[in-house]
Amino acid sequence: MADEFQLRVYCYLDRTQPQYAAFVGTVTQGDLMVEGMASLYIEVAPGNEVFRLVDIAVKATEARPGAQVVEREFGMFEIHSHSQQAVIEAGAMVLDRLDLEEIGRVKPFVASVQLITNVDPYQAQLLNRFRRGSMLVAGETLLVLEVAPAAYINIAANEAEKRANIKLIHISSVGRFGRMWMCGTESEMVTAKMAAIAAIEGIQGRKG
């Protein structure tokens, strides 16, 4: 591999949650993910490397591609299956072809986290214009989380939904930073925040 190659993200979700899977279905252009599937996000640089890696992943097992995105700096793809083993094996095949291990990925970090209590109705209306998920209602507490590399926001959102009663408003997982918006009661958003941060901090990797 060229010296400039980077495995930026290797992000495995063991079991996708209902709202998370439903949200992904609103933005994906590939095979649709449903609740309960295992999922794997891989992001690399240079971006064009993603085409070869998707070919390896989908030929290795029954896992299906939900996304393949190439932007200015990075390339990212997602695969999923009802079989956790199929997703794990497909990821292992990609790593083997790259002569890398999972630990060779970039370790993510939380760039920003905010809790906004008692959201004003005007701000709720502004944010709802950009949502693809649930509606933010005035008076609820809003959790805003930003991480890097971007695709790791998916595990943060999925783990937060496992631990708390949330409403998922929006996820953006392409680019330099990944962002999510969630809402609910203040206590539930505190729990969601802690779960999301723990998910990010628990991922091992190299310094980016």
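1. In what order do the strands of the open sheet of four strands with S5 stand? The order is S5-S6-S8-S7, with antiparallel pairing. Strands pair here if DSSP finds at least two bridges between them. Strands (E, at least two residues) and helices (H or I, at least four) are DSSP runs, numbered from the N terminus.

2. On the basis of the note: this is a predicted model, in which local features need pLDDT of at least 70 and side-chain atom pairs count only at pLDDT 80 or more, while totals for chains, interfaces and linings use all residues. Residues are numbered from 1 along each chain as its sequence is written, and side-chain values use heavy atoms, with hydrogens and water left out.

3. Axes are lines fitted to C-alpha atoms, for helices over the stretch in contact, and angles run from 0 to 180 degrees between N-to-C directions. Seven bridges hold the antiparallel pair of S5 and strand S6 (residues 141-148); Val110 has Val147 in S6 as its bridge partner.

4. Another open sheet of four strands has the order S1-S2-S4-S3, again with antiparallel pairing. Its edge strands are strand S1 (6-13) and strand S3 (64-70), and each pairs on one side only. From one strand to the next, the twist averages 10 degrees. S3 and strand S4 (residues 75-81) run antiparallel and are joined by six bridges. The bridge partner of Arg64 in S4 is His80.

5. Helix H3 packs on the sheet and touches S1, S2 and S4; contact means heavy atoms within 4.5 Å. The direction of H3 makes about 170 degrees with that of S1. Helix H5 lies across S1 and S2, and runs at about 20 degrees to S1.

6. H5 (residues 153-163) also meets helix H1 (residues 18-27): their axes come within 8 Å and cross at roughly 140 degrees. H1 and H5 are therefore oblique to each other; angles under 35 degrees count as roughly parallel, over 145 as roughly antiparallel, 65 to 115 as roughly perpendicular and the rest as oblique. On the H1 side the contact involves Pro18, Gln19 and Tyr20, and on the H5 side Asn154, Ala157, Asn158 and Glu161. These residues divide into three nonpolar, three polar and one charged. For that count, Ala, Val, Leu, Ile, Met, Phe, Trp, Tyr, Cys and Pro are nonpolar, Asp, Glu, Lys and Arg are charged, and the others, Gly among them, are polar.

7. Some backbone details deserve a look. Most residues other than glycine have a negative phi, and most peptide bonds are trans. A cis peptide bond joins Ala45 and Pro46, with omega about 0 degrees; Pro46 lies in the loop between strand S2 (38-45) and helix H2 (49-60). Ala148 and Pro149 are also joined by a cis peptide bond, with omega about -10 degrees, and Pro149 is in the loop between S6 and H5. Asp99 is a residue other than glycine with a positive phi, near 55 degrees, and lies in the loop between helix H3 (84-98) and S5.

8. On ring contacts, Arg8 lies over the face of Phe74, at 3.8 Å from the ring centre. A charge sits over a ring if NZ of Lys or CZ of Arg is within 6 Å of the ring centre and within 35 degrees of the ring normal.
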